[in-house]
Amino acid sequence: MSVAPPFRRFILSGSAGPGAVTDKPARDARIDVIRGLCLLIIFINHMPGNVVAAYTPHNFGFSDAADIFVLLAGVSATLAYGGLIERRGLPIAMLKLGARLWTLYIAHIAVFIIVCGVIAAAVTHTQNPLYIELINVQPFFRDTAEALLGALTLTYQPSYLDILPLYIVLLALFPAIYYAVRFSPVLALGLSLAIWQGALALDLNLPNSGGTWFFNPFAWQVVFVMGVVLGRSNQLGLAAPRLRWLDALAIGFIVFSCYAKVTLGNPTGIAAFNDWFDSVQLGSDKTNLAWSRLGHVGALTWLAVRWLPAGDALSRSALGRILAKTGQNSLHVFCVGIVLAVIGQVLLAEASFDLTVQLAVCAGGVTVSAGLGVFLSWYRTVTSRAGAARAAPAPVSAAPSPSLSPR
């Protein structure tokens with residue numbers, strides 16, 4: 001089946017025809033539910049060696065929760081700031097975007113300091129200096145002033161504290177990316193791919209304490225741009241075209257990805273593929289975004305857009321509502337999850353990775369993270385109602401005013 005004319009027009013020119021832009025698209029629960037699930041998976045994966053992590057998606061496919069998280073960041077940025085550009089213009093959108101960037105930056109610095117404090121407390125209480133090497137905080141204890149300067153300039157990022165800096169850079173580039181997608185999604189994606197491959201050829205990355213960023217922004221911008229394209233199509237109210245052949249291709253690639261990950265060695269027996277199978281089974285290149293990762297996240301995204309029910313269908317169940325509220329408060333949940341994961345690593349090591357402790361730490365962290373999302377949503381609802389009540393005008397009394405005239 002061919003691509004529908006409005007969708008074809010959108011891919012080429014970034015428009016779906018006159019009057020297609022909606023004032024403000026209704027919130028799609030798919031974004032919040034999937035993002036909430038990704039946050040919980042990221043927390044579990046940030047504690048290497050625990051048994052639950054062995055059953056998370058990165059063991060059954062080329063991409064993982066981080067890829068989906070970055071893609072959804074592009075979608076959310078488009079719906080929030082792209083919509084603001086359309087409704088109120090670029091200057092207002094830039095003010096809101098700048099405020100969000102500042103919030104992300106402060107959150108990153110706060111988490112950095114708290115995590116360093118957690119490691120210091122662990123070393124003090126256990127008398128085990130090896131915990132300093134747990135997430136690469138040696139520079140902080142070796143030269144605190146220099147490490148703090150590096151943290152402030154984003155040139156020093158301990159392990160697991162590298163997603164927010166990536167998001168800060170990508171969000172700072174959002175206006176340029178949005179206008180490129182608005183002009184032509186296909187050209188924007190082509191330019192994005194060219195930047196990615198050019199960076200790989202020239203070995204471009206940003207510096208990080210004697211090395212480079214774990215998430216190379218020159219590469220990961222491709223996933224973010226994909227999210228912006230998806231967000232722009234949502235902004236225009238477009239539905240994905242019915243392409244059965246693409247559905248089959250996406251399913252086939254996901255099945256192949258799972259088979260390639262869970263099998264041992266090269267199942268094809270073709271010697272030329274030995275190195276490739278070895279590399280993907282160890283983990284597709286995450287720093288520079290291997291093609292296999294990009295293809296996998298693209299296949300998952302296509303199937304999600306095509307087959308997951310839009311609107312609030314996913315958030316009608318109790319589990320869906322919890323995940324949605326977790327995803328709606330992603331920054332708070334992510335930051336708390338990072339701290340909990342570092343604490344969890346220490347607890348697991350102290351317990352010699354006892355199975356009961358592993359399960360308890362994972363369950364406790366997931367409960368706290370999801371509970372935080374639910375609490376923040378409740379708190380926001382309560383305070384907004386209180387604010388609305390205070391802002392409401394006082395009711396006018398129907399009783400007659402007392403007469404000033406004498407009887």
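Within helix α8, which spans residues 174-183, the buried residues are Phe174, Pro175, Ile177, Tyr178 and Val181. Viewed down the axis of α8, these buried residues fall within an arc of 160°, so they line one face of the helix. The model is predicted, and the points below are grouped by topic.

**Helix α8**
- Ala176 and Phe183 are exposed and sit on the face of α8 turned away from its buried side.
- The cover over the buried residues of α8 includes α3 (65-88), α4 (90-126), α7 (163-172), α9 (185-202) and α10 (217-235).

**Thr287**
- Thr287 lies in the loop that runs between α12 (274-282) and α13 (291-307).
- At 2.9 Å, the side chain of Thr287 reaches the backbone oxygen of Phe214.
- Leaving aside residues up to four places away in sequence, Thr287 touches Asn205, Trp213, Phe214, Phe215, Asn216, Ala219 and Trp220.

**Second largest pocket**
- The second largest pocket holds about 940 Å³ of space.
- It is lined by 32 residues, of which Arg27, Arg35, Ser76, Ala80 and Gln328 are the closest to its centre.
- Two or more lining residues come from each of α2 (29-45), α3, α4, α7, α14 (318-328) and α15 (330-350).
- With 9 residues, α3 gives the most to the lining of this pocket.
- By residue class, the lining of the second largest pocket comprises 16 nonpolar, 7 polar and 9 charged residues.

Methods: Residues are numbered from 1 along each chain as its sequence is written. This is a predicted model: local features need pLDDT of at least 70, side-chain atom pairs count only at pLDDT 80 or more; totals for chains, interfaces and linings use all residues. Side-chain values use heavy atoms; hydrogens and water are left out. Buried means under 20% relative accessible area, exposed over 50%, partly exposed in between (1.4 Å probe, protein chains only). Helices (H or I, at least four residues) and strands (E, at least two) are DSSP runs, numbered from the N terminus. The arc is that of the directions from the helix axis to the C-beta atoms. Contact means heavy atoms within 4.5 Å. A polar contact is a pair of N or O atoms within 3.5 Å; within protein, one must be able to donate a hydrogen and the other to accept it, and residues adjacent in sequence count only if both atoms are side-chain atoms. On a 1 Å grid over the protein atoms alone, a cavity is a set of points where a 1.4 Å probe fits but cannot get out, and a pocket is an open set with protein on both sides within 12 Å along at least five of seven lines; lining residues have an atom within 4 Å of a point. Grid points are joined across faces, edges and corners, and a volume is the space filled by probe spheres set on the points. Ala, Val, Leu, Ile, Met, Phe, Trp, Tyr, Cys and Pro count as nonpolar, Asp, Glu, Lys and Arg as charged, and the others, Gly among them, as polar.
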